[in-house]
Amino acid sequence: MPPRAAILTVSRGLRIIMRMAPRPPSSGDRKRAVNLTLSEDLVAQSRHFTPNLSATVEELLAAYVVDQRAAHEARRRMAQACAAEWNAVIDRVGSFADEHVNL
């Protein structure tokens, strides 16, 4: 089965097929080629800072995923705290709809 491709477009520019260097087999991570569309100028500038653009992109993407997961978890905790506070208010003062319930 051929590897699936993912395309990332950053600005206008050059399409690059990313082939990432494999990690040691013990890591269990499978690698595959991914198509990215990156600004030609950005790629040229990045070559001055890293000889392995694939590894750099992978590292930055991994950090992004960690940040997004943390942000998602923070929003979930905030929503749970809000619901708990709202439930505490209802327990203390009741709901405005309580006087209209005929049950």
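Here's a quick walk through this protein, from its overall layout to its salt bridges.

First, some housekeeping. This is a predicted model, where local features need pLDDT of at least 70, side-chain atom pairs count only at pLDDT 80 or more, and totals for chains, interfaces and linings use all residues. Residues are numbered from 1 along each chain as its sequence is written, and side-chain values use heavy atoms, with hydrogens and water left out.

Okay, the layout. We've got two helices and three strands, and from the N terminus they go β-β-β-α-α. Helices (H or I, at least four residues) and strands (E, at least two) are DSSP runs, numbered from the N terminus. Of the 103 residues, 14% are buried; buried means under 20% relative accessible area, exposed over 50%, and partly exposed in between, with a 1.4 Å probe and protein chains only. The accessible surface is about 9000 Å², and carbon and sulfur atoms make up 59% of that. Those areas come from the Shrake-Rupley method with a 1.4 Å probe, and for residues only the protein chains shown count as cover.

Now, helix α2. It covers residues 53-93, so 41 residues, and at 1.5 Å a residue it should span 60 Å. The expected span is 1.5 Å times one less than the number of residues. The end C-alpha atoms are 60 Å apart, which agrees. Just past α2, Gly94 has a positive phi of about 85°.

Leu61 sits in this helix, and together with Tyr64 and Val65 it makes a nonpolar surface patch of about 290 Å² accessible area. Patch residues have over 30% relative accessible area and no salt bridge; like charges are joined within 9 Å, nonpolar side chains (Val, Leu, Ile, Met, Phe, Trp, Tyr) within 5 Å.

Lys31 pairs with Glu58, closest N and O atoms 2.7 Å apart. That one links distant parts of the chain: Lys31 is in the loop between β2 (14-18) and β3 (34-38), while Glu58 is in helix α2, 27 residues apart.

Then there's a network of Glu73, Arg76 and Arg77. Arg76 meets Glu73 at 2.3 Å, N to O, and Arg77 meets Glu73 at 3.7 Å. Arg76 and Glu73 are three residues apart in α2; Arg77 and Glu73 are four apart. An α-helix has 3.6 residues a turn, so residues three or four places apart point the same way.

Methods: A salt bridge is a side-chain nitrogen of Lys or Arg within 4 Å of a carboxyl oxygen of Asp or Glu.
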